[in-house]
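This briefing sets out the overall fold of a single protein chain and then turns to two of its residues. Please keep the sequence and the model in view while reading.

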Amino acid sequence: MSVVNLMETAAGLPEAWRSHQLGQVGAACVKVLRMDEMPVEEEIHGAAEALLVLDGQLELVVDGTLMSVRPGELFMVAAGTAHTVHPGSRGTLVIVDLSEE
């Protein structure tokens, strides 16, 4: 077991919006990524996911409604819910979702 500095890990990733899996807790994957102001295409997942903003801000459009998720805030995306990232999102994001094994 080791301590992971989430901010340093995200900053060191070669690409924004490409998550890095830190580990698993049961069937759930814990990932970190760096946001870079660019939008991300709409996604729909078969399982819920948790989006935790560590720093910066996530501009999230969920079912057509724009919302801002700020540092320290967690947004739960329900299974089957259309969501996309709006331009202007930046910072560090932790994602918890089901393993894709």
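A polar contact is a pair of N or O atoms within 3.5 Å, where, within protein, one atom must be able to donate a hydrogen and the other to accept it. By that criterion, the side chain of Thr92 makes a polar contact with the side chain of Asp55, at 2.7 Å. The model is a predicted one.

**Overall architecture**

- The protein chain contains 1 helix and 8 strands.
- Read from the N terminus, the order of these elements is α-β-β-β-β-β-β-β-β.
- The C-alpha trace spans about 40 × 25 × 25 Å along its principal axes.
- The radius of gyration of the protein chain is 13 Å, which agrees with the value near 13 Å that a compact globule of 101 residues would have.

- Of the 101 residues in the protein chain, 34% are buried.
- When contacts between residues at least 6 apart in sequence are considered, 61% of them join residues at least 24 apart.
- The protein chain exposes about 6000 Å², and carbon and sulfur atoms supply 55% of that area.

**Thr92**

- Thr92 is located in strand β8, which covers residues 90-98.
- Thr92 has a relative accessible area of 6%, and it is therefore classed as buried, since the cut-off for that class is under 20%.
- Leaving aside neighbours within four places in sequence, Thr92 is in contact with Leu6, Met7, Ala10, Val32, Leu33, Met35, Leu52, Val53, Leu54 and Asp55.

**Leu58**

- Leu58 belongs to strand β4, which covers residues 49-62.
- Leu58 counts as buried because its relative accessibility is 1%, against a cut-off of under 20%.
- Leaving aside neighbours within four places in sequence, the residues in contact with Leu58 are Trp17, Met35, Leu51, Val53, Met67, Ser68, Val69, Val85, Ser89 and Leu93.
- Leu58 and His20 are 38 residues apart along the chain, and their C-alpha atoms are separated by 18 Å.

Methods. Residues are numbered from 1 along each chain as its sequence is written. This is a predicted model: local features need pLDDT of at least 70, side-chain atom pairs count only at pLDDT 80 or more; totals for chains, interfaces and linings use all residues. Side-chain values use heavy atoms; hydrogens and water are left out. Helices (H or I, at least four residues) and strands (E, at least two) are DSSP runs, numbered from the N terminus. The radius of gyration is taken over C-alpha atoms; the globule rule is 2.2 Å times the number of residues to the power 0.38. Buried means under 20% relative accessible area, exposed over 50%, partly exposed in between (1.4 Å probe, protein chains only). Contact means heavy atoms within 4.5 Å. Accessible areas come from the Shrake-Rupley method with a 1.4 Å probe; for residues, only the protein chains shown count as cover.
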